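Subject: Structure handover

Hello,

Here is the structure I promised to pass on. Please open it first, then read my notes below.

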Amino acid sequence: MTLRAIRYENSNLEILDQLLLPAQSKYIQVKGVEDGWKVINKMQVRGAPAIAIVGCLSLAVELRNEKFDSKQQMRHEIEGKLNYLVSSRPTAVNMKIAAEDLIDLANQLSKDPNITLEDMKARFLQTVEDMLTKDIADNKAIGEIGAKEILSRVSGDSLCRILTHCNTGSLATAGYGTALGVIRSLHAMKRLEHVYCTETRPYNQGARLTAYELVHDKIPATLIVDSMVAAVMKHRNITAVVVGADRVAANGDTANKIGTYQMAVLAKYHGVPFFVAAPLTSVDLKVPSGDHIIIEERPDREMTHIGEHRIAAKGVTCWNPAFDVTPASLIAGIITEKGFFRPEQLKTLNDCQQTNNHTSS
Ligand SMILES: CSC[C@@H](O)[C@@H](O)C(=O)COP(=O)(O)O
């Protein structure tokens with residue numbers, strides 16, 4: 001069993017093919033931007049932070065061996081290829097924000113007369129490569145901040161029972177995870193009694209990937225199908241729901257894996273606090289509310305088939321949105337590496353985002 005979604009050494013990029021998990025652990029080499037776009041679009045790598053890191057590293061692999069006549073030519077190529085990578089999947093904002101930051105960096109470097117073409121390339125590649133270590137550090141901070149926030153709401157030294165959705169762990173990030181990072185931190189503090197993870201239809205990221213990570217880490221866990229969420233809240237005394245995010249709008253509305261919204265509605269009814277755990281690279285302050293977030297629709301086949309096996313009646317039509325938007329009013333707070341924010345406090349993140357440019361070194 002391996003939990004490393006992304007392997008990057010000496011400019012060689014490989015991703016663990018998540019379509020084959022948990023049956024097989026097989027790495028695929030990503031030789032450049034074209035391969036990067038394909039593995040993201042086919043969901044061989046998935047999860048908002050992992051998408052951005054693999055996209056940007058695929059550009060690094062390609063740039064490393066390329067020769068440029070001028071800084072302007074390199075800048076132009078960086079911009080075109082990053083914009084192409086952003087088109088691979090539309091909802092998660094991390095790739096878009098990383099692309100904007102890197103295009104800004106390329107512009108600055110190309111205009112600076114003190115920086116040579118070789119320096120520009122080296123600085124650019126280093127900035128991309130640093131994304132891996134930064135993401136792990138951010139996730140550990142999210143884990144700790146989230147665990148403390150949840151524990152501040154329970155009495156004495158009682159243990160927590162957490163419900164989560166989709167996969168937000170090592171496989172969706174450079175390592176450790178966001179919502180699953182919070183669960184890992186609670187477990188490390190010996191304050192976790194149990195985790196319930198949803199199957200996450202139609203693509204089963206919960207059953208295939210989250211369950212795999214929980215078993216790997218020996219975290220006490222139970223898999224439920226998505227339609228059991230209300231029952232689990234009624235009968236299993238859930239302390240909190242913690243989920244990830246693909247894009248958090250400025251007002252706190254949050255796009256995440258389809259099914260998240262109904263969990264938040266049920267959490268409200270049962271009086272269970274509902275948290276989003278996400279790095280700042282998932283917060284899009286340019287989008288005022290969830291109404292402006294484009295929701296990706298995936299092929300029918302992901303619903304009608306499991307692997308090669310058809311489970312739906314032939315001839316039926318399908319609707320397969322990959323994400324839904326949870327309104328801010330249902331969210332108790334957003335756990336980031338810079339602290340815990342109630343949805344209405346998110347706008348203060350603007351300062352953090354500017355002083356802590358996502359991808360700059
Ligand atoms: C840390 S991953 C956060 C989100 O990206 C995750 O919850 C999710 O919705 C993933 O969707 P996916 O379609 O598998 O890429």
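Which residues have the most contacts inside the largest nonpolar core? They are Ile6, Leu82 and Phe124, in a core of 49 residues. Helix 2 (residues 48-64) gives the most to this core: eleven residues. Domain 1 (6-135) and domain 2 (142-355) both give residues to it, so the core lies between them. Please keep in mind that this is a predicted model.

Take Phe124 as a way in. Leaving aside neighbours within four places in sequence, Phe124 is in contact with Leu59, Leu63, Ile78, Leu102, Leu105, Ala106 and Leu109. Another core lies apart from the largest one. This other core has 26 residues, including Leu163, Val232, Val272 and Ala278.

Next, Thr336. This threonine sits in strand 15 (residues 333-336). Is Thr336 buried or exposed? Its relative accessibility is 0%, so Thr336 counts as buried. Its side chain reaches the backbone nitrogen of Lys338 at 3.0 Å. Not counting residues up to four places away in sequence, Thr336 touches Ile142, Ile145, Ala278, Leu280 and Phe341.

Now the aromatic pairs. A search of the whole structure finds two. In one, the rings of Trp37 and Tyr84 have their centres 5.7 Å apart and their planes at 15 degrees, so the pair is stacked. Trp37 lies in helix 1 (residues 33-41) and Tyr84 in helix 3 (residues 71-86), so the pair ties together parts that are 47 residues apart in sequence. Trp37 is partly exposed, at 21% relative accessible area. Tyr84 also counts as partly exposed, at 28%.

Phe275 and Phe340 form an edge-to-face pair, 5.9 Å centre to centre with 65 degrees between the planes. Phe275 is in strand 10 (residues 274-277) and Phe340 in strand 16 (residues 339-341), so this pair ties together parts that are 65 residues apart in sequence. Phe275 is buried, at 0% relative accessibility. Phe340 is partly exposed, at 21%.

Last, the cysteines. How many disulfides are there? The count comes to zero. Cys160 is buried, at 0% relative accessibility. Cys166 is buried too, at 7%.

Best wishes

Conventions: Residues numbered from 1 in each chain as written. Predicted model: local features only at pLDDT ≥ 70, side-chain atom pairs only at ≥ 80, totals over all residues. Heavy atoms only, no water. Core = buried A, V, L, I, M, F, W, Y, C linked by side-chain atoms within 4.5 Å. Buried < 20%, exposed > 50% of the residue type's maximum accessible area, 1.4 Å probe, protein only. Helix = DSSP H or I, 4+ residues; strand = E, 2+ residues; numbered from the N terminus. Domains from an automatic or database assignment. Contact = heavy atoms within 4.5 Å. Polar contact = N/O pair within 3.5 Å; in protein donor to acceptor, adjacent residues only side chain to side chain. Disulfide = S-S within 2.5 Å. Phe/Tyr/Trp six-rings, centres within 6.5 Å; stacked < 30°, edge-to-face > 60°.
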